[in-house]
Amino acid sequence: MSKSGSSTNTELQQELDQAIAIHRAGNVSQAEITYLKILETEPENSVALHMLGVANHQRTNNEHAAVLISKAVAIDPNFVKAHFNLGVVNQALNKLPDAEKNYNRVLELTPDNANAYINLGMIYKSMGQLEDATNCYNQAIALNPNSFESTNNMGVVYLERNLFQEAKGCFLQALDLNPKYTDALINLATTYNGIGELGKAQECCNDALKTTPDSAAAYKTLGTIMKNLGKMEEAVEHLRHAIFLQPDFTEAYLILNSIHKPNPGAPIITSMEQRYNDPSSSVNNKILNAFGLAEIFDNQEDYSKAFAYMYEANRLKRENYSYDIEDDRKLLERIKEVYQPSLLTIENELTVEDETPIFILGMMRSGTSLTEQILASHPDVTGAGELSFLKNIVHESFTRQNKRFPESIKEINDSFKSELASQYLKQLREFSQNSRFITDKMPSNFLYIGLIKQILPNARIIHMQRNPMDTCLSIFSKSFAGIHHYAYDLEELGAYYRLYQNLMDHWREVLPGEILDVNYERLTENPEQEIRRILDFCDLSFNDACLNFHKSERAVITASATQVRKPMYKTAIERWRNYETELEPLRKVIYPSE
């Protein structure tokens, strides 16, 4: 009996080995038949369960794949490949916390598993935990220094954090390891685009196309560059070619839609709706298609349909990460507690006198791009766009000295303040060595107004204000790069808006006369009057080019790139009333007493 059982086991193992071999050769259907046959005889064969799960994943039947591979690891808790592939399946299902656990289990069993670090880095990037992602890629690179893929992935995380110089270094290193690595060339182009070096960005795209002539991503990136330069016809040509090469290229569709609004019933709308409803479509693709369809139907004044897609896009995005508004509430309260008038007494002999920076800040979508475009049209001003320099310098400098922001600001000496100012100005001057002023329009710098006035007391600060409901609707209608956890839920968005308002009230109280409030609605109603007020605040003479800002040829690298190419318009004012009923949860938070 024992001999017969042993013989049966040997035969099953031979069948399993053969099935895996033909599976690897690409014959998935035949392999599945054998796996099922083996499981009829031996239902707890962990290898057969695992491989059948892999086959289901290859057929995009990920729900069943997860069930099968979960059984495999329950039977064999030390089955490394099964834990790894369960992570892959959970990623495909957008079950990111589960995938995180799977890859961490792989690393418990095999601490030197570079691929697990790479995939875990992808998980953390998707969840917005960018420092954790950076740590994972550092580990992967340490385990395999010649991995151009890991180096490229590290660069992508730096790019997400707006750390352009670090990102550029990673992509150049990846290209040293593999000069024909198309992904790194395209990512390097995106980096150059982000820092305004659009000539170099185009060169990288052209190099990518020499290596991979049918790269849809390269044509999409070229289209983005042309759009940022205001060369809309060329942008459309490149974007259409990207879509020709990759008909399901959602990002290319979205950029194209921002330039040319499709008519009702256009084939592009049907295509996007099909991709949104396709069960095999990734969550990220569903999010992008839903945001795109929301914009299309908004333009067509089909507001009910537009909001349905807008809401779904935000709901899907919000499910990707954990966030508690109380964390932001506590941070903003701590900032207010630290920055009292006594701390903000400026001693001129101890501070940097440089007046180069003009900070344009406020909530996203409040008119910061418009104001920067107006100022950057002046011959004495260079527009640098949205810069993460201040945030990154604060984080890295305080972390290096084991200090906590903002509490430790009370303890830092004048040398440390000067170091912060010098770091910031050095990076800012990379955009222009000669301009009298350089703008930084990172909206979230409103968190650092106190620090700005401590280290750069002569810097100008322009605060953009817009109707709160219009601002929040505009935020809710967009998918943003970077981390904006408050943006994808109406009640959280409203709560964050009130926190921001409260902090701005505090800054006005403790820094009287240091901040110029500019109202977006008044700017569009009386442009010359408001532009003169802005220029006076910056000690700039009036220049007609500022009134004709839409004719400027400078690159614009934000979601408002198309809008600032047009003359001043008023169609965005009171836009929220098109969604008055749907936005009631937001209104109740912003105006609780009404």
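Predicted model: local features only at pLDDT ≥ 70, side-chain atom pairs only at ≥ 80, totals over all residues.

I started at F84, which is buried at a relative accessible area of 18%, since buried means under 20%, exposed over 50% and partly exposed in between (1.4 Å probe, protein chains only). Numbering runs from 1 along each chain as its sequence is written, and side-chain values use heavy atoms, with hydrogens and water left out.

Next I searched the whole structure for aromatic pairs and got 15. Rings of Phe, Tyr and Trp (its six-membered ring) pair if their centres lie within 6.5 Å; planes under 30 degrees apart are stacked, over 60 edge-to-face, the rest tilted. F84 and Y103 pair edge-to-face, at 5.4 Å centre to centre and 70 degrees between the planes. This pair links distant parts of the chain, with F84 in helix α5 (residues 80-92) and Y103 in helix α6 (residues 96-109), 19 residues apart. Helices are DSSP runs (H or I, at least four residues), numbered from the N terminus. Y103 is buried too, at 0% relative accessibility.

I then checked Y497 and Y500, another edge-to-face pair: 5.2 Å between centres, 70 degrees between planes. Both sit in helix α25 (residues 490-510), three residues apart, about one turn of the helix. Y497 and Y500 are both buried.

I also noted one aromatic cluster made of Y303, F307, Y311, F476 and Y579.

Last, I looked up E131, which is in helix α8 (residues 130-143) and is partly exposed at 43%.

Notes:
Helix = DSSP H or I, 4+ residues; strand = E, 2+ residues; numbered from the N terminus.
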